[in-house]
Structures are given as C-alpha cells and as structure tokens.
Amino acid sequence: MAKEYLTPDYIFESSWEVCNKVGGIYTVLSSRAKTLQDAFHDRIVFIGPDFWKETESLYFREEKSLFAEWQWTAKEQGLKVRVGRWTVPGEPIAILVDFNPYFEKKNEIYGWLWENYGVDSLHAYGDYDEASMFSYAAALVVESFYHYAIDDSKKVIYHANEWMCGLGALYLNNKVPQIATIFTTHATSIGRSIAGNQKPLYDYLFAYNGDQMARELNMESKHSIEKQTAHHVDCFTTVSDITANECLELLDKPVDVVLPNGFDNSFVPKTQAFNRKRKLARRKMLQVANALLGENLDDDTLIVSTSGRYEFRNKGIDVFVEAMNRLLRDRNLKKTVLAFIVVPGWVGEPRQDLKERLESGLPYDTPLEVPQVTHWLHNMGHDNVLNMMKFYDMHNRHDDKVKVVFLPCYLDGNDGIMNLTYYDVVLGNDLCIYPSYYEPWGYTPLEAVAFKVPCITTDLAGFGLWANKEFGHEGQLEDGVRVIHRTDYNYSEVADLIKDTVSAFSGFTQKQVDACRTKASQLSKKALWSEFIKYYYEAYDIALQKAGQRMASLSQDAEASM
C-alpha cells in the first residue's frame with residue numbers, strides 16, 4: 001500500500017536565480033514552477049533578489065494587489081519587497097526582496113550564525129556577503145508573512161537552494177521552528193572547487209576531508225554554511241546519485257532524498273512550429289558561419305554544439321575542442337562539420353564586421369580576421385577556448401572539414417549576431433555534445449533530447465547515469481544518448497570516442513537519424529516534471545514529519561517547565 005504523505009499548505013522557495021536567469025538552477029525552478037503552481041495554486045511562493053534598479057527583470061511582472069495588506073505590514077517592518085508574477089509557465093507568485101539594507105548588520109548576523117550553528121564566515125570573500133544578505137532578507141520575508149497571514153495549524157515548507165540560501169534556512173529553523181526546512185545542494189561548493197582546480201575528484205573522493213580541502217582551496221566560508229545547513233535542516237537533498245555520494249564524503253551528511261531535475265515540455269514547440277523553427281535555426285547558424293568564415297556551407301552540413309557555463313574543464317569544453325581537432329584528420333568523416341561552442345565568456349560586443357556581412361546578405365569567399373569567434377571578448381589573449389584553438393592551429397581554413405565557431409554570449413534573442421534564444425538555437429543542431437567532468441545533473445543534455453536532438457554526455461553527469469539506468473546499459477547513439485565512460489584520467493580516450501561517434505553519425509542514413517531523434521525525444525518524456533515531482537512530495541513529507549516532531553518536543557519541554 002502506498003504511503004500517505006504529509007502535504008504542505010504553503011511552500012516558500014528561495015534562490016538567487018528566481019526571476020534572475022544566470023544558470024541551471026533558473027531552469028530547474030522555472031520549469032518546475034507550473035507543476036507546483038497547478039498543485040498548490042498561489043500557495044507556492046518563490047523569493048528572489050531585487051537588484052533591478054536601472055532595468056526591470058525580463059522575467060518579473062509586479063502586481064501591487066497581491067498580498068497588498070501584508071505588503072504594508074512588511075514595509076512598516078522595514079522590508080523592501082515587490083510582489084508579482086514570475087513570467088514563466090504557470091506564472092507563480094514571486095517576491096523580490098532588496099537585501100542591501102542588511103549589509104550594515106553583516107557582522108552581527110555572522111556573529112549570530114557562528115554562535116548558533118558554528119558557521120565560519122570569517123574567511124568570506126566575493127559573492128559570499130551578497131548571497132548571505134539576500135538569504136537573510138528572504139528569511140525575514142517568510143517570517144513576516146508567516147506571522148501575518150498563516151496560522152499554526154497550517155503546514156509550511158521553506159525550500160532553500162544552494163549554499164547561497166543556507167543562512168535563511170538556518171534562521172527560520174531557529175526563529176520559526178514551525179516551518180519545515182528543505183535544503184538542496186545542486187553541486188557541493190568544495191566538490192566543484194576540487195574539480196575546477198585540476199585535482200582528481202572521483203578516485204580520491206573517499207580520502208578527501210571536506211573541511212581540510214576547504215582550507216586548502218580557500219573555500220572555508222561557503223563550505224561551512226553549506227555543511228551546517230545540510231546538517232541542521234529538516235530534509236537535506238541533492239539532484240543526483242553522483243552528487244549524493246559527494247555530499248556523504250565532503251559534507252559528512254547523507255542526503256534524505258535525491259530530487260532529479262525534470263523538464264517542462266511546454267517549452268518545446270508543436271510539430272508545425274517545431275519544423276519551422278528548426279529550419280530557421282539551421283539557416284541562421286549557417287548564415288553566421290558562412291559570413292564569418294567566407295564559406296558556402298549548405299543544409300547538408302552536420303551541425304554540432306556544446307554549451308553550458310564557462311567551466312573549461314568541468315563542463316568538458318577542453319575535451320570538446322580536442323575531439324574536434326582530432327576529427328579534422330578523421331578519414332571516415334562523411335560530411336563537413338560545423339561545431340558551435342555556445343558558452344558565455346567575458347563578452348565585449350558583437351563584431352561589427354560580421355554584422356555588416358550578415359546585413360548585406362551577400363556571399364563572401366574570404367574569412368574575416370579571427371574567424372573563430374562571433375563577438376569580441378574583453379580578454380582575447382587569455383581566453384581558454386581561443387588559446388586552445390590557436391595552440392592546435394585550428395583556424396577554420398577553407399579545406400578544413402571541421403569548422404569550430406565560438407559564440408561567447410547568453411542567447412537571449414538580443415545578442416546582436418544570432419538574435420535567437422538558446423532553445424531556438426538548440427533545436428537547429430544535429431547532435432549536441434556535453435563531455436562533462438563535473439556535472440551534478442546536466443540540464444543541457446536533457447534540453448537537447450527534449451528538442452529531439454541526440455546527444456553525447458558522460459557517466460560523470462547525473463543525467464548520463466540516469467540515462468544508463470533507464471536504458472539498462474551504457475547509452476549508445478542509437479538510444480538517442482551516447483553515454484561515454486569518463487574517469488579522472490581518460491581525457492584522451494573520451495576525445496577519441498567523441499570523434500568516433502560524430503564520425504559514425506555523419507554516415508547515418510536519414511532513417512537512422514530519424515530513429516535516433518525519436519529515441520531522444522522518448523527518453524526526455526521520462527524526465528518530465530510530471531514524472532519527477534513525486535520525489536519532492538517525499539521531501540516535503542520528510543521535512544514536515546521532522547518539524548512536527550520538533551514542535552511536539554518543544555511543547556513537552558514547555559509543559560515540563562511550567
């Protein structure tokens with residue numbers, strides 16, 4: 001018989017990426033929003049930072065009538081909030097809070113954190129202070145709203161995402177113990193740092209001491225808040241089995257439940273629109289490449305890409321360039337390959353010479369200067385992608401059967417060159433490649449297959465491990481996802497396997513390609529939020545049970561002391 005779960009009456013969820021599109025967590029929350037809004041209509045409230053002074057967030061629409069009476073109370077309490085809708089499917093309520101007023105209380109807040117939870121904020125630097133002040137402000141918002149609008153009979157969840165929201169979870173745990181707390185680490189700060197500092201993470205994971213590594217890598221404050229939040233919240237979660245293992249070894253805390261990241265396929269256009277958009281994307285990608293390279297690449301060109309955050313090693317951007325370099329000399333390659341690296345760098349401005357060529361619409365037979373990049377960068381001489389291509393003498397020459405183009409900006413539809421959104425570009429690919437070394441989940445491959453684009457990923461990505469589990473074997477290209485075995489030390493082998501896979505794919509018949517695309521799409525359906533939301537209900541139940549026990553215990557202590 002299925003277990004009856006306790007269900008919350010209200011859910012408050014905080015993240016730096018609410019109405020603020022900067023990374024993968026935005027996709028997690030924004031794509032999950034509709035599923036939760038359908039189940040908890042306007043009783044799921046997202047809380048994000050309000051630093052929108054000169055410009056408004058593209059993803060927030062203020063509605064002053066929402067919680068209007070409470071807004072007056074909040075103002076009297078000194079809280080600077082704006083209430084409205086997050087303009088994503090489901091349009092859930094979002095509260096943006098100005099956290100700047102709390103910087104003057106920073107030392108007092110950190111002192112309280114140390115005394116109550118042993119969090120070491122002494123070595124804080126960079127974004128630690130900003131994130132902590134936001135986290136504190138978000139908790140004050142929930143505390144204020146709870147006391148104003150919710151009675152004690154209601155079951156309330158506070159869900160904090162990443163170390164950046166840990167302080168708020170600990171504050172509520174202490175000040176409003178009726179509220180059940182959940183903490184999700186989407187990647188441990190110390191695990192990401194070990195991987196990013198060229199240290200072998202996986203073979204030595206059992207031997208690493210998280211606290212010691214935090215001292216060595218100057219990550220003490222972030223690691224400290226993350227570890228103490230994991231130990232003190234009612235329910236500690238992460239996004240994949242591979243990161244659960246990391247949490248156990250580096251934070252000394254097993255997770256209570258794994259919350260895999262799903263997808264909302266309302267982002268995927270229906271058949272007619274899909275085909276139209278795919279043609280448009282391919283045409284635009286080829287136009288940009290032809291103008292940049294002085295070529296005449298046609299629709300028979302095999303378009304591949306990689307994308308994600310600019311973590312050169314962690315996201316496998318280095319091995320992608322390596323594989324494309326080796327592909328240049330592959331005699332079995334049946335088509336010309338156009339490879340895009342869609343990774344936001346320190347972008348300056350769109351290239352004027354490229355814009356002029358695109359606007360003229362004329363064909364060109366000579367390449368532009370630096371025919372590897374679409375936008376000028378602030379750090380051209382120090383950019384990892386450009387330097388690796390230079391090292392390998394990859395200059396996109398006319399005779400090269402593999403052309404590599406670096407598109408170093410967020411694709412929001414207004415980049416000045418491509419002028420399409422990321423999703424509108426993804427569906428133009430024939431194959432996407434994400435050879436990650438460190439990837440707790442992996443939204444990029446999930447998004448690719450949702451748009452019917454087969455992909456290559458690794459079993460060091462949570463998504464890759466999940467795909468293997470679904471297939472019952474190591475994923476092959478014919479399954480829609482090729483999952484390559486990756487370790488701390490097999491970089492060269494991974495590059496060769498990518499090269500061989502792209503080469504083999506270039507010889508696929510149209511029937512084989514169509515079958516591949518169908519399988520990719522079928523796999524994505526198993527990763528919809530409608531399939532994965534059950535794990536959240538399990539987490540809510542664990543947190544509410546724990547909060548219930550805490551309140552019963554506090555009540556007994558109060559009676560005993562009377």
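Close-up 1. At a relative accessible area of 35%, Asn 419 counts as partly exposed (buried means under 20% relative accessible area, exposed over 50%, partly exposed in between, with a 1.4 Å probe and protein chains only). This is a predicted model, where local features need pLDDT of at least 70, side-chain atom pairs count only at pLDDT 80 or more, and totals for chains, interfaces and linings use all residues. Residues are numbered from 1 along each chain as its sequence is written, and side-chain values use heavy atoms, with hydrogens and water left out. Look for Asn 419 in the loop between strand E14 (402–407) and helix H14 (422–426). Helices (H or I, at least four residues) and strands (E, at least two) are DSSP runs, numbered from the N terminus. Asn 419 isn't a glycine, yet its phi is positive, at about 55°.

Close-up 2. Glu 91 has a phi near 40°, a positive value in a residue other than glycine. You'll find Glu 91 in the loop between strand E4 (81–86) and strand E5 (93–97), and it's partly exposed at 31% relative accessibility. Salt bridges that share partners put Glu 91 in one network with Asp 42, Arg 61, Glu 63 and Arg 85. A salt bridge here is a side-chain nitrogen of Lys or Arg within 4 Å of a carboxyl oxygen of Asp or Glu.

**Close-up 3. Strand E2 and its parallel partners.** All covered up: 6 of the 6 residues in strand E2 (residues 44–49) are buried. Strand E1 (residues 10–14) runs parallel to E2 and is joined to it by 4 bridges, with Glu 13 opposite Phe 46. Two strands pair if DSSP finds at least two bridges between them. From E1, the chain passes through helix H1 (residues 24–39) to reach E2, in a right-handed β-α-β crossover (with the strands pointing away from the viewer, the path from the first strand over the helix to the second runs clockwise). E2 also runs parallel to E5, with 5 bridges, and here Ile 47 stands opposite Ile 95.

Close-up 4. On a 1 Å grid over the protein atoms alone, a pocket is an open set of points with protein on both sides within 12 Å along at least five of seven lines, a cavity is a set where a 1.4 Å probe fits but cannot get out, and lining residues have an atom within 4 Å of a point. Of the 21 lining residues, those closest to the centre are Arg 278, Arg 282, Asp 430, Gln 510 and Val 513. Asp 430 and Arg 278 meet in a salt bridge (3.3 Å, N to O), so parts 152 residues apart in sequence are tied together. Arg 282 pairs with Asp 299 (2.9 Å, N to O); Arg 282 is buried at 6%, while Asp 299 is exposed at 52%.

Close-up 5. The largest cavity holds about 40 Å³ of space, and its lining includes His 123, Tyr 128 and Lys 222. Helix H8 (residues 220–232) gives the largest share of the lining, 3 residues. The side chain of Lys 222 meets that of Asp 127 in a salt bridge (2.8 Å, N to O). Lys 222 is buried at 16%, whereas Asp 127 is partly exposed at 32%.

Definitions and conventions: Grid points are joined across faces, edges and corners, and a volume is the space filled by probe spheres set on the points.
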